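Hi everyone, thanks for coming. Today I'd like to talk about pockets, so let's bring the structure up on the screen.

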Amino acid sequence: MIKKRLSIYFLVYILILFTVPKSIAEAEENLTLKSAVSEALRSNPEILSARRAYEAASARIPQAASLENPTIEFEYDKIYADRMLSGDPMKTYAISQEVPFPTKLFLRAKIASKLARMAYENYKTKEREIISKVKSAYAELFIIYRSIDIQNENRQILEQFSQVAVPRYTLGKSTQADVLKAQVELARAENELIVLEQKRVTAQARLNTLLNRDPKEEIGLPEPEGALKFTHSLEDFYVMAKANNPELKAYKYAIERGKAAYDLSLNEFMPDFMVKFKQMVKRDRVDENAWAGMLGVTVPLWFFQKEAFGVKEMKSELEMIKAEYKTKENMVLFDIRDSCARVEASRKLIELYTTSFIPQAEQTVAASVRGYETEKTDFLSL
């Protein structure tokens, strides 16, 4: 009997040992905004894709600066073997290499370098885009939780109204319509809670998707974040955006890449070279006196149809990129102006709600309840 009780106690102890810490750990794993942003930067597939694109673009730089692969040839000639005193077939080994004009390799590497820098800034842009979406989804989920709490408070107030209306109706001091109105408002509050729950599930799934989690994973109540205080002026934000905004940086690198492409199109008028060396082999032995060398030069003979129009194309493309940069700059500055205006408006609304609207509303509700209880206010006003 004692052994049986000890076994039961031991099982209970093991159960507590494995369940209590787990519940405590789960309680301590409330998602904070900082941890959500860090997890998104590590796991979001869009960020990972942009990072790989940058790595791929970086790997193209040494390729652009390299020569084309040389060509190795072997020639076996039996047709003209009778012209040789020995009558043996001729065997020739050759190696050839195409060598572009030196500045072309430099400009091609420069273009690849600028494309890599553009890919990097696109990667940083994607990071900031995902961070913005995570913060927005986090805030939306927090607001929905708070809206649910407020709606529950509203329901409690409506239940209080109903509790006031029913005794008055029982005593004949009010009509049945007052009781029905209170019940209708309670039903509306319940409906609103159902809608808010659906919004909570959707917002939670959106945040889970950004974090590369299972959309149905429960997150719980996000922890509130402190209010941000901006110490910079609008002009300061303009200066910082022009210097640090990754989208504008990407366009700047695009302009530099366009300039390099324009310079390369001018260099297409310069010739490329072909170097070739041939060695004859007699009776499987190298004949030091039987070799040949060749130097070829490309001639841009059709420049009026190809190279000249290539220059025109690159010049137009460069002007197009400059115009796109100016458009993007205007859009960025507009977004900053709009964001600053919305932040300032939100700050004033918070101050107004905190110092004026909410205290007055609470006093109005309390006074209305007292007035209805003392028959000084009708139910519709309440």
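Before we start, one term: helices here are DSSP runs of H or I with at least four residues, numbered from the N terminus. With that numbering, α4 gives the most to the lining of the second largest pocket, namely eight residues. Please keep in mind that what you see is a predicted model.

Let's stay with that second largest pocket for a moment. The space in it comes to about 580 Å³. It is lined by 13 residues, and those closest to its centre are I150, E153, N154, I358 and E362. Which helices each supply at least two residues of this lining? Those are α4 and α8.

Now over to the largest pocket. Here we have about 2600 Å³ of space. The lining of the largest pocket counts 47 residues, with K135, L228, F230, S339 and V343 closest to the centre. Two or more lining residues come from each of these elements: α4 (102-170), α6 (234-244), α7 (246-267) and α8 (307-373).

And which element has the largest share of the lining in the largest pocket? That is α8, with 17 residues.

Notes: Residues are numbered from 1 along each chain as its sequence is written. This is a predicted model: local features need pLDDT of at least 70, side-chain atom pairs count only at pLDDT 80 or more; totals for chains, interfaces and linings use all residues. Side-chain values use heavy atoms; hydrogens and water are left out. On a 1 Å grid over the protein atoms alone, a cavity is a set of points where a 1.4 Å probe fits but cannot get out, and a pocket is an open set with protein on both sides within 12 Å along at least five of seven lines; lining residues have an atom within 4 Å of a point. Grid points are joined across faces, edges and corners, and a volume is the space filled by probe spheres set on the points.
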